[in-house]
Amino acid sequence: MDPLTISRFQFGDTAAFHILWPLLSIGLSLFMFFMEWAWLRTGDVRYYRQVRFWSKIFILTFGIGTASGIPLEFEFGTNWAAFSNAAGDFFGNILGFESTVAFALEAAFLGIFVFGWKRVSPRVHLFSNAMIAVGATLSAFWIMVANSWMQAPVGVVVENGKIIVTDYMVAIFNSSSFISFLHMEIACVETTLFFILGLCAWALLRTRTTDEYKRFFLQAFKFALTITLVVTPLQIGLGDLSGYLIAEKQPEKVAAMELHWDTNPAGTGAPWSIIAWPDSAGGRNAFDIAIPDALSLLTTHSFSGEVPGLNDYAPSDRPTTLGATITFYSFRIMVAIGFALFGLMLLGVWYHYKGRLDEAVSDHRFFWKLWIFAMPLGFIATEAGWMVREIGRQPWVVYHLLRTSDGLSSGLSTPVVLTTTVLFTLLYIAFGVLFVYFTYRIMKNGPDFVELPPSRVPGI
Amino acid sequence: MIDLPTIWFLILGLELALYVILDGADLGLGFLSLLPQSEKARSILIQTVGPIWDANETWLVIAGGTLFGAFPLAYGIILNALYIPVMILLFGLIIRATAFEFRAMGEKKRFWETMFGVGSLLAIVGQGFAVGGVLNGIQVVDGHFSGGSFDWFSALSIFITAGVLMSYVVVGYAYLIKRRHFEYTHESFSRIFIAATVTFGAFASATILLPQEHPFVLERWITEPTRTILIGLSILIGLVSFLLIYCVIKKTLHRHLHSICMTIFVLAAAATAYAVYPYLIPPALTVYDTSSSAVTLRFMLWGIGPLLPIVLAYNFYMYHVFRAGRNDEHLEDY
């Protein structure tokens, strides 16, 4: 294995692990903010207990998220020095914004949020909660701006091998950044909601718990379910919008994620494959099951719109056949999950409407178990979406301007890069296991129903 | 009029100095937690670090972002050349962060405390060799790192690593004493004394080795006007260091030990910056060779510049909230 392959694997590996935690910390910070706000508004101690309880899981995810995020920033230098030099003028600057504006805000207010319950007034505490949510969201915004610019680099010129910014506003608000940011932000909220819903369902299905414990998780379940009513359809809409945008700006990527080899002749529509497998020699599919004209309809919103095929591009200028196959299936997994979660939301709302959520859990065991199965789906969909986005961008690191292979550091030694990759992977597997274990313990112990809120709260 | 790359060089220096001053204490206390002591004393060390390390570590992330944005060529070359120390630093920070979380949640506290200490120690070692590696000089050909994976390892970088470790111990103790957890450290003044002496010796040796590595530094030591300023700064550092050692021996001015340490750090950072400027990667590249375009430097200055005082302000607010003696019993109140 050469340093390029291992470095790509290392970045993919560390980024794929890292993204799991911001999904939860962004979603949970918003969830907790609304709970804490409700507490200050009503003085109802049940909301206070919600904040205190979910903050335990939040702290866990935030810690792992911070820890696994820092290596990403530095890997651009250690493994991708040539990329850093070529693209640093814009990319490094935006990362600087992310760390100064967003990351710092989050980190500083986390201390107060976690340790400050009895040290600051409830209003200041709510403010620090809000600042964590704002910081986390801003952080996602800048990261999505930086990544979107790699997908659609505008507002720049290339001088002596360096990509120099000519217009910052154009570069920041490139065609991809706003939709991508919204799609990611909503992914955070949706993933977190189904994570919370699944945990609540698990808690409700447990036998031999107190009524208080059940009521607590039923309250959280209903609260989260209400928000999914908006979030799940919104995410499907945003997904469609970003697909439309990619078709316009990155036709190679669309051809890859659809395993669409030959451009449809004028006057005919391109078919949409439900499943497909490429020929080992590449250049065409060995088999596929396709819906006629559907791809044209999806990407151009017309039955006979032209969709360029992979064969229109030189093999060195488009994703590899393996890459294309991965994006093909990742895309389908993401879309399927988007609709599955929407369907599950409808089912939940129906049950709520029928009053079945308040009936004995043992009467609807299958219904509640569905939510437990749905718990990992948001995470899987997000990972799949990123696979499409990043593998579909290959062989470019900055689209049409810089090849991934030209971005590598010089003089990397295979044993050193391999060792760090293995160590990252082992550490991250351990963190994953520990997260599951600690979440299980937090859930099993449940909220603290005895502890009283700080006394200076209006309404108590 | 001072130019944009120089402004960013100064901002970067300030951020790194802030990082060392703030997180140095946390890392020093983390290392100290590895030494044999009572459970109570160890738990106080860790609780003291608890609310502040995360925000302090932010300055490293900010400095990284600044270096990347303002000097992308240097960012690539330095991290490329220092692959191994940087990875040691990163693994250290990852382990420290997660160990702290898991300790608060789990039952095997002793295990996580050890991991916390090990993470801190790794981060210190990574930082020491990274700084040593840069001062040691990095081989650059055509804007690419052209040396080997272990170039950072040298006598100079060993002295610097030892100095970094011991200075973090001193500033860690000083912070602990300032937070009035003084009863647990009273018998440890001898440790501070040893650590301070080793720090002094290690950095003095590094100061002697540096001009041998880089003739331009020697030049600055022997020609005016740089000579007066460098010698002046050295004498100042020496005097403040003696004040520190005097206070430690006499066990006096407890509350001010931390400020004295911070003064030494600031002076040392200023002296180092003065000795190497305008080189960012001595002796190959200056701040001018490696900086981003003027458009970017200006955009960053207006975008990030005004925010730095705000970040500092909320850092200080946090210190204020967790200042000495206020409801210490709630520190483990997750």
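## Helix 11 of chain B

The expected span of a helix is 1.5 Å times one less than its number of residues. In this predicted model, helix 11 of chain B covers residues 257-276, so its 20 residues should span 28 Å. The C-alpha atoms at its ends lie 29 Å apart, which agrees with that expectation.

Buried residues in this helix include Leu257(B), His258(B), Ile260(B), Cys261(B), Ile264(B) and Phe265(B). Further along, Leu267(B), Ala271(B), Ala275(B) and Val276(B) are buried too.

## Where the two chains meet

Let's turn to the interface. Chain A brings 73 residues to the contact and chain B brings 64. About 6,100 Å² is buried between the two chains, with carbon and sulfur atoms giving 71% of that area. The count of salt bridges between chain B and chain A is 0.

## Salt bridges

Side chains of opposite charge can pair when their charged atoms come close. Over all chains, the whole structure holds 12 salt bridges. One of them joins Lys222(A) to Asp358(A), with the closest N and O atoms 2.7 Å apart. This pair links distant parts of the chain, 136 residues apart: Lys222(A) is in helix 7 (residues 211-249) of chain A, while Asp358(A) is in the loop between helix 10 (321-353) and helix 11 (365-374) of chain A. Lys222(A) is partly exposed at 24% relative accessible area, whereas Asp358(A) is exposed at 52%.

In chain B, Arg96(B) forms a salt bridge with Asp23(B), the closest N and O atoms being 2.9 Å apart. Here helix 5 (residues 83-105) supplies Arg96(B) and helix 1 (residues 4-32) supplies Asp23(B), 73 residues apart. Arg96(B) is buried, with 0% relative accessible area, and Asp23(B) is buried with 0% as well. Both belong to a network of salt bridges that also takes in Glu57(B).

Glu39(B) and Arg42(B) pair within helix 2 (residues 39-49) of chain B, 3 residues or about one turn apart. Their closest N and O atoms are 3.2 Å apart. Glu39(B) is partly exposed at 46%, but Arg42(B) is buried at 3%.

## A nonpolar patch on chain A

Ile274(A), Ile275(A), Trp277(A), Phe287(A), Ile289(A) and Ile291(A) make a nonpolar surface patch of about 550 Å². Strand 3 (272-278) and strand 4 (285-291) of chain A each give two or more residues to the patch. Ile289(A), found in strand 4, counts as partly exposed because its relative accessibility is 47%.

Terms used
Residues numbered from 1 in each chain as written. Chains lettered and ligands numbered in written order. Predicted model: local features only at pLDDT ≥ 70, side-chain atom pairs only at ≥ 80, totals over all residues. Heavy atoms only, no water. Patch = residues over 30% accessible without salt bridge, like charges linked within 9 Å, V, L, I, M, F, W, Y side chains within 5 Å. Areas by Shrake-Rupley, 256 points an atom, 1.4 Å probe, with all protein chains shown as cover. Salt bridge = Lys/Arg side-chain N within 4 Å of Asp/Glu carboxyl O. Helix = DSSP H or I, 4+ residues; strand = E, 2+ residues; numbered from the N terminus. Buried < 20%, exposed > 50% of the residue type's maximum accessible area, 1.4 Å probe, protein only. Contact = heavy atoms within 4.5 Å. Buried area = accessible area lost by both parts, 1.4 Å probe.
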